[in-house]
Amino acid sequence: MGAKIGVFPASGALGSSIVNHVVKLIPESELVLSARYPEKLHDLKQAGATVRRADYDEPSTLDTAFEGVDVLMLVSYASFEIDHRVKAHRLAIDAAIKSGVKHIFYSSLGFGGDLANHTIAHVMGAHIETEKYLSSLQDKISYTIVREGLYTESFPIYTSFFDPLNPTDDVAIPHPGTGPGVAWVKRDELGEATAKLIASYVNNPTNFEYVNKALLLSGTREISLAETVEIIGRAIGKPLKIREISVDEFVNLPQIGDKLTYKGVNLSREWSTAWEAIKQGETAVVSPALGDILGREPESYETTIKALIG
């Protein structure tokens, strides 16, 4: 029997994509899938995967989540604040080490430019801290940091929650729309490439080039935010442009407060640092790694948007 591969959380958007591609490369019997709602993994359990309940917000569930796992895919806690995420990630990493996990793949985010270990984007803060924590543990565990580029599917959070089904006349954000922009990438291709990285490591750990290293998976071209919304406009058949507003105006937009509140705290002002990071070029780096790993040209932003909206 080969190495046991764990995925946690295994039923979220990125986690389920990774799992859907991993099962094409690795037998279900070698998978240990942990999730807050394990019933979502019923079919995989039927196919032979070990399924467990685990929840970042219930640390005691992490104590047994990774038993028997050799290689863990740790998908980051779904939030955009810092302190709780950092603590949750550390608890999971510590539990993995205690359970005997040898290597962790960690899903980071595509801010920070060319793999820099600093950022001005609040949403990236917890990832930077988690990356640093993993690098401090090399005497106990090896790791691979996968900086997953900004999902094309996440465009609403960068466009003041623009709704293609109920479109406004413009997109009001604290950014002029000019470059540098974003190397948008399709989420399911990130899942596929991450799965291929895991399989590559499991099949030949000694020759795996990303041991104790980070890599960036990005789209194939940098697209300004102005062009980003123009492409969305073409997909819905309506001319669409950016209207630059101040951060104060953004924070007070009616649709923002509810969407960017975490545990009762409005973090919309903290979120607005993402646009400053985009201005500074943190999301504009185009890496060839995704295409190299997939073995094909990644899907274009236009194609993914058309499929999403069409």
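Helices (H or I, at least four residues) and strands (E, at least two) are DSSP runs, numbered from the N terminus. This is a predicted model: local features need pLDDT of at least 70, side-chain atom pairs count only at pLDDT 80 or more, and totals for chains, interfaces and linings use all residues. Residues are numbered from 1 along each chain as its sequence is written, and side-chain values use heavy atoms, with hydrogens and water left out.

Strand S4 (residues 71-75) pairs with S5 in the parallel sense, over five bridges; strands count as paired if DSSP finds at least two bridges between them. What is the order of the open sheet of seven strands? It runs S3-S2-S1-S4-S5-S6-S8, with parallel pairing. At the edges are strand S3 (50-53) and strand S8 (213-217), each pairing on one side only. From one strand to the next the twist averages 20°.

Now the helices. H1 packs on the sheet and touches S1, S2, S4, S5 and S6, its direction making about 145° with that of S4. Contact here means heavy atoms within 4.5 Å; axes are lines fitted to C-alpha atoms, for helices over the stretch in contact, and angles run from 0 to 180 degrees between N-to-C directions. Helix H7 (residues 187-203) lies across S1, S4, S5, S6 and S8, at about 165° to S6.

Next, the spaces. On a 1 Å grid over the protein atoms alone, a cavity is a set of points where a 1.4 Å probe fits but cannot get out; a pocket is an open set with protein on both sides within 12 Å along at least five of seven lines; lining residues have an atom within 4 Å of a point. Grid points are joined across faces, edges and corners, and a volume is the space filled by probe spheres set on the points.

The largest pocket holds about 940 Å³. Of its 39 lining residues, Ser76, Tyr77, Ala78, Ser79 and Tyr151 lie nearest the centre. Helix H1 (13-22), strand S5 (103-109) and helix H6 (155-158) each give two or more residues to that lining.

The second largest pocket is about 210 Å³, with 14 lining residues.
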